[in-house]
Amino acid sequence: IGEAENYFAAHTQTLNAALASLRSSASSTAAKEQLEKLAPLLGEYTDMAKLTIDSAKIDISIAENKAGGLQNTFAEVEAPMAELAAAVGAEATSLNADAQLAVSRTLQIIMGSCIVAALLMLSLALLLANAITRPMGQAVRSARLLARGDLTGDIAVQGNYEASELL
């Protein structure tokens with residue numbers, strides 16, 4: 001009987017902790033309603049279990065008579081517990097779907113940002129390449145004119161880069 005009392009105390013403590021956790025985390029109306037329906041039934045169940053254990057201390061035959069009431073009380077708890085499990089499962093499914101949607105949106109934002117950044121970098125690279133190759137191309141054209149002996153061409157020197165110094 002002492003072992004049953006210890007088991008019952010641990011079981012009751014676990015049950016109460018689970019109920020407290022569910023009360024603080026349940027957000028759906030269905031889960032909250034099922035918790036409110038289940039709490040008094042669980043109280044009756046734990047009271048009946050304690051009464052059965054206490055009766056066993058006095059006379060085992062009294063406890064055996066109380067066991068039927070304990071089984072009936074537990075049977076009354078089973079359906080609301082199943083409904084609560086279904087409500088919590090539905091809430092978890094909904095939260096999971098919301099989380100997946102948030103992750104999907106975040107990935108879309110990151111991908112869009114990466115594409116914009118890549119296009120911006122490509123544009124800057126093209127501008128920089130053009131800024132370097134245009135004066136070099138002008139220097140090559142001028143060098144070719146000079147190589148052919150044509151001294152009439154104008155050489156437009158712009159900027160202070162190495163290409164302008166070359167010209």
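Where in H3 is the kink centred? In this predicted model, the kink is centred on Lys66 and amounts to about 25 degrees. Helix H3 itself runs over residues 60-147 and has 88 residues. From its first C-alpha to its last it reaches 121 Å, close to the 130 Å expected at 1.5 Å a residue. Just after H3, Gly149 takes a positive phi of about 90 degrees.

Several positions of H3 are buried. Among them are Ala63, Thr73, Val77, Pro80, Leu84, Ala87 and Glu91. Gln138, Ala139 and Ser142 are also buried in H3. Glu78 lies in this helix too. Its relative accessible area is 43%. Glu78 and Asn96 are 18 residues apart in sequence. In space, the C-alpha atoms of Glu78 and Asn96 are 26 Å apart.

H3 also packs with helix H2, which spans residues 29-58. Two packed helices are described by the angle between their axes and the distance between the axes. For H2 and H3, the angle is about 160 degrees and the axes are 8 Å apart. Angles over 145 degrees count as roughly antiparallel. H2 and H3 are therefore roughly antiparallel to each other. The crossing of H2 past H3 is left-handed. Residues of the contact of H2 with H3 divide into 24 nonpolar, five polar and six charged.

Definitions and conventions:
Residues are numbered from 1 along each chain as its sequence is written. This is a predicted model: local features need pLDDT of at least 70, side-chain atom pairs count only at pLDDT 80 or more; totals for chains, interfaces and linings use all residues. Side-chain values use heavy atoms; hydrogens and water are left out. Helices (H or I, at least four residues) and strands (E, at least two) are DSSP runs, numbered from the N terminus. The expected span of a helix is 1.5 Å times one less than its number of residues. The bend at a residue is the angle between axes fitted to the seven residues ending there and the seven starting there. Buried means under 20% relative accessible area, exposed over 50%, partly exposed in between (1.4 Å probe, protein chains only). Axes are lines fitted to C-alpha atoms, for helices over the stretch in contact, and angles run from 0 to 180 degrees between N-to-C directions. Angles under 35 degrees count as roughly parallel, over 145 as roughly antiparallel, 65 to 115 as roughly perpendicular and the rest as oblique. A crossing is left-handed if the near helix is turned anticlockwise from the far one by less than a right angle, and right-handed if clockwise. Ala, Val, Leu, Ile, Met, Phe, Trp, Tyr, Cys and Pro count as nonpolar, Asp, Glu, Lys and Arg as charged, and the others, Gly among them, as polar.
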